[in-house]
Amino acid sequence: MRRLRSLLRLLLLLLAPVKAVLQSCTTAWKAVTCKGSDISGRYAAWCTNEACGKQRVVVVPTVLKGLNNQLMRIVSDIVGAMLIGAAVELPRSIATRRGCHFQVECYKDYRHFVPLWDIFDEAETLKALRQAGACIVPPQMGQTQMLHLGQQRMRTPIAASRLEQLGVNGSLVGASGQPVRRISFGKTCCVLFVPDSTRARRLFRLVNAAFRTAPALSGIARDTVSRFHAATGGPGAARTLALHWRAEGDMSQSKHALNVSDYARGVFEALAT
């Protein structure tokens with residue numbers, strides 16, 4: 001037994017330099033991939049917020065809304081993080097409704113989740129986000145905190161210029177008055193920051209444009225459009241319009257209380273003018 005312990009101690013002594021070298025190489029590699037100018041977005045996903053020069057990270061939640069609303073929230077959180085100089089953890093998944101179309105009895109049934117990178121092209125999206133100036137870091141475990149102004153929780157929506165100024169002067173703290181490393185902007189949907197400055201409007205445009213559809217979904221969309229054109233005489237044969245039709249039970253029979261007749265009449269009148 002004594003001989004076995006001696007061998008184990010010797011083995012640990014031999015492995016210690018190897019472990020140190022591996023840790024050093026890993027840290028250096030992360031720093032290089034963050035600061036390099038010609039890497040792909042996929043490798044940039046493994047940057048640490050320290051390597052990107054960020055001491056704080058905004059954790060984007062999965063909100064129980066439709067895809068467009070969820071994307072608006074993701075874009076809003078990324079812009080908010082950039083305004084206060086924080087890194088970003090994207091959600092691992094996107095919520096989706098149970099397949100019952102838009103019936104009122106199930107339109108809030110978000111029990112299914114789809115991986116984020118099944119919807120968006122991971123490599124292209126991360127590359128574009130990095131080019132826009134965002135620091136995207138891998139999702140981590142850990143508690144988040146809401147931002148406070150003194151003793152009061154920061155209320156949203158808030159002007160982007162105001163948020164940026166609060167970040168610059170160090171006014172954004174946790175409930176205890178101490179700096180927050182892992183920030184949550186809450187689970188309210190959807191746009192939390194009003195783009196009232198030239199910089200904020202630019203960031204919103206860049207970040208929104210960075211999200212590229214996953215190749216599999218792009219293929220489905222192209223096939224759908226091709227079949228539509230085949231049924232209508234081909235591209236250019238007729239003017240087409242994509243309309244987000246809302247006269248369904250989720251809008252007319254819920255608290256939204258949409259008047260379907262008034263809605264349809266308004267749509268037809270708008271199309272006729």
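Student: I'd like to start with the sheet that contains β8. Which strands make up this open sheet, and in what order?

Tutor: Strands of a sheet pair through backbone hydrogen bonds, either parallel or antiparallel. In this predicted model, three strands form an open sheet in the order β8-β7-β10, and the pairing is antiparallel. Strands here are DSSP runs of E with at least two residues, helices are DSSP runs of H or I with at least four residues, and both are numbered from the N terminus. Two strands count as paired if DSSP finds at least two bridges between them.

Student: Which are the edge strands?

Tutor: They are β8 (152–153) and β10, each of which pairs on one side only. Strands β7 and β10 run antiparallel and are joined by two bridges. Within that pair, L149 stands opposite L172 in β10.

Student: Before we go on, how should I read the numbering and the values?

Tutor: Residues are numbered from 1 along each chain as its sequence is written. Because this is a predicted model, local features need pLDDT of at least 70 and side-chain atom pairs count only at pLDDT 80 or more, while totals for chains, interfaces and linings use all residues; side-chain values use heavy atoms, with hydrogens and water left out.

Student: What is the strand order in the open sheet of five strands?

Tutor: The order is β5-β2-β1-β11-β6, with parallel pairing. At the edges stand β5 (136–137) and β6 (145–146); each has a single partner strand, so one side of each is left without a neighbour in the sheet. Looking inside the sheet, strand β1 (residues 57–59) pairs with strand β2 (residues 87–89) in the parallel sense over three bridges. The bridge partner of V58 in β2 is V88.

Student: Where does R182 sit, and is R182 buried or exposed?

Tutor: R182 belongs to strand β11 (residues 182–184). R182 has a relative accessible area of 17%, so R182 is buried. Its side chain makes a polar contact of 2.6 Å with that of E89. A polar contact is a pair of N or O atoms within 3.5 Å; within protein, one must be able to donate a hydrogen and the other to accept it, and residues adjacent in sequence count only if both atoms are side-chain atoms. Not counting residues up to four places away in sequence, R182 touches several residues, including V57, V59 and E89. Contact here means heavy atoms within 4.5 Å.

Student: What about R73?

Tutor: R73 lies in helix α3. At 0% relative accessibility, R73 counts as buried. Leaving out residues up to four places away in sequence, its contacts include P61, F185 and C190.

Student: Now for helices. Which residues of α6 are buried?

Tutor: In helix α6 (residues 160–168), they are A160, L163, L166 and G167. They cover an arc of only 125° around the axis, which puts them on the same side of α6. The arc is that of the directions from the helix axis to the C-beta atoms. The buried residues of α6 pack against several elements, among them α3 (67–83), β7 (148–149) and α7 (198–210). After α6 comes G170, with a positive phi near 75°.

Student: How is the length of α10 checked?

Tutor: The expected span is 1.5 Å times one less than the number of residues. At 1.5 Å a residue, the 13 residues of helix α10 (residues 260–272) should span 18 Å, and the end C-alpha atoms are 18 Å apart, which agrees. Seen down the axis of α10, its buried residues fall within an arc of 95°, so they line one face of the helix. Those buried residues are Y263, A264 and V267.

Notes
Buried means under 20% relative accessible area, exposed over 50%, partly exposed in between (1.4 Å probe, protein chains only).
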